[in-house]
Amino acid sequence: MTARLARLGAIGAIVVPIVVLALGAVSIRWFFPQVLPAEWSGEPAHDLLTASVTVRALSSGLLVATWVTVIALFVAWPAAKVLARPGLRWRGIIMALLLLPSVVPPIGLAMGINVALLNLGVEGTTAAVVAAHLVPALPYTVAALAAAFIRHDGRIDQQAASLGAPPSYVLLHVTIPALRGGLAAAAVLTFIVSWSQYLLTLLAGSGRVVTVTMLLFNAVSGGNPSTIGTLALVAIVPVAVLVALVVGPLERTEGAA
Amino acid sequence: MTAAAGGATRAWGSVLPATLIVTVPVTYALVQGIGASVGVGVQGADGYSLDAYRRVVASPGFDRSLAFTLWIAAASTFLAVCIGSSIAWLWTTRPGRTRRFDAGIVHLTVSIPHVAWAVALAATLSQSGWLARVTAATGLIDRPDQFPVIVGDQLGLGIIIHIVTKEAAFITIVALPLANRRARALVATAATLGATRFQQFRLVFLPALAPALLPAAVVVFAFGLGSYEPPAILGVSNPRALSVVALDRFRDPDLSRRADAFAISTLLGVITLTVAVALWLWARRWARPAADSSR
């Protein structure tokens, strides 16, 4: 019984703030103590969504996140395949190294990457932002793909090869389809890590690469519920959709019965 | 023999790109940060000096900022681990039909961008926020200032709530594979031996989860110490979280101030390392039985 209540409380704790944002997004006037907006309108949200600033930020974020995902998958695939092999001597060390970006305080990592990009002369470019995002994202890609490879029975690949299929065929028509759930989960995780970045984008992009999270951060001081709500939803909704799409594969990664 | 050697080289080649992409920037950031904090490569500096550290420590409000930052990191980590492992416990011991939905909520929580979540919490928990308005609707309060200060407060409650909600979900996800594969069987055994549910949780479940929980706790602590967005949006100007102070110095037009930013980030890194080592030592004591009772 208490577990039931706790569960509902926990779900409410997550859902309610998002709903509050959504209400603000379609409000024109909403002040204390109004629980619901006094005046509704979709117009400010629509105007904001179609504004060139927003559209540019959206496409920047999408572009960066897509590049990060593609590159990360390419790099992580061979690594994950090897790490999934049982008895690999260095596996523990490699996993610990991959943990490194996550145990460094984010402000230190972001400043350091900014200086590195500056010294390379590439800061402020989209490529720089992509490179910066790869650092926190890649560990997740490798971890998710490795989990998928561990669950994968490599014997079907061997069977296909022994039946005469060339390695490229095995890869495209046997391995990848067998791993598509884990691949999807890895891709989504990586995309989300990049999509959610704020500080790294701000510093690596020198303010020239603007994403939705940056627009949202700047909108906070203005205090306009419609602007804040709309931008926040633009940041959250793609994430929610992607998570919903791969919940199944994600659960399987966790070994749920 | 040659095939095995070739295989080993291929294995290294496969793992190297990913490892390098991750470790080189981080190592550079660490080394560069330490160097910059003692004056290497910073404009106007001349050889090694601890000036940046002296300036930072002497700056007004530093003590409060340090205490504030440490408090937030420690409280958030503790609560996140407790809540996250409890959720993992409930999921492992009471599989329900709502599992997929619950998993979706947990993954959504982890994935929401920090900026968006901080904004959502501010809109809900501030004195003129949604919760305050609901309270006003029940007649308990009339004015916003009668509602307790939860965000933008001196104890960093809003920041803690932000970090705990996000990171408890993270811990749940990290703990689940181990919980499902190892802990579940051990807990069942303990149950047949007569352990109460709480004993099962504390003496069997948690230790079984330790290999995953401990690194995760360090990750959460490092985040609590050095993340920028939650304190920037949910915090106050006094005391300011150290990450906010650091970014401020980093963007100071006076370039010699930059060293201060790196002094702060190096300090945060050292604190994280200390906590990580301390946790590791503590865990090792646990893993080793205190006495050999078979003698």
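Arg29(A) is partly exposed, with a relative accessibility of 42% (partly exposed lies between buried, under 20% relative accessible area, and exposed, over 50%, with a 1.4 Å probe and protein chains only). The model is predicted, so local features need pLDDT of at least 70 and side-chain atom pairs pLDDT 80 or more, while totals for chains, interfaces and linings use all residues. Residues are numbered from 1 along each chain as its sequence is written, chains are lettered from A and ligands numbered from 1 in the order in which they are written, and side-chain values rest on heavy atoms, without hydrogens or water.

Arg29(A) pairs with Glu39(A) in a salt bridge, with 2.9 Å between the closest N and O atoms (a side-chain nitrogen of Lys or Arg within 4 Å of a carboxyl oxygen of Asp or Glu). Since Arg29(A) belongs to strand β1 (residues 27–29) and Glu39(A) to strand β2 (residues 39–40) of chain A, the pair ties together parts 10 residues apart in sequence (strands are DSSP runs of E, at least two residues, and helices runs of H or I, at least four, numbered from the N terminus). Glu39(A) is likewise partly exposed, at 34%.

Turning to the interface, 79 residues of chain A and 82 residues of chain B take part in the contact (heavy atoms within 4.5 Å). The two chains bury about 6,400 Å² between them, 79% of it on carbon and sulfur atoms (accessible area, 1.4 Å probe, lost on being put together and summed over both parts). On the side of chain A, Phe32(A), Met111(A) and Glu254(A) lose the most area to chain B, together 12% of what that side buries.

The rule finds 1 salt bridge across this interface. It links Asp102(B) to Arg7(A), whose closest N and O atoms are 2.9 Å apart. Asp102(B) is buried, at 9% relative accessible area, whereas Arg7(A) is partly exposed, at 27%.

Over all chains, the structure holds 9 salt bridges. Asp102(B) sits in helix α4 (residues 99–111) of chain B and Arg7(A) in helix α1 (residues 2–25) of chain A, so this pair joins two chains. Within chain B, Arg249(B) and Asp260(B) meet in another salt bridge, at 3.6 Å from N to O. Arg249(B) lies in helix α10 (residues 242–250) and Asp260(B) in helix α11 (residues 258–287), so the pair ties together parts 11 residues apart in sequence. Both Arg249(B) and Asp260(B) are buried, and Arg55(B) is linked with them in a network of salt bridges.
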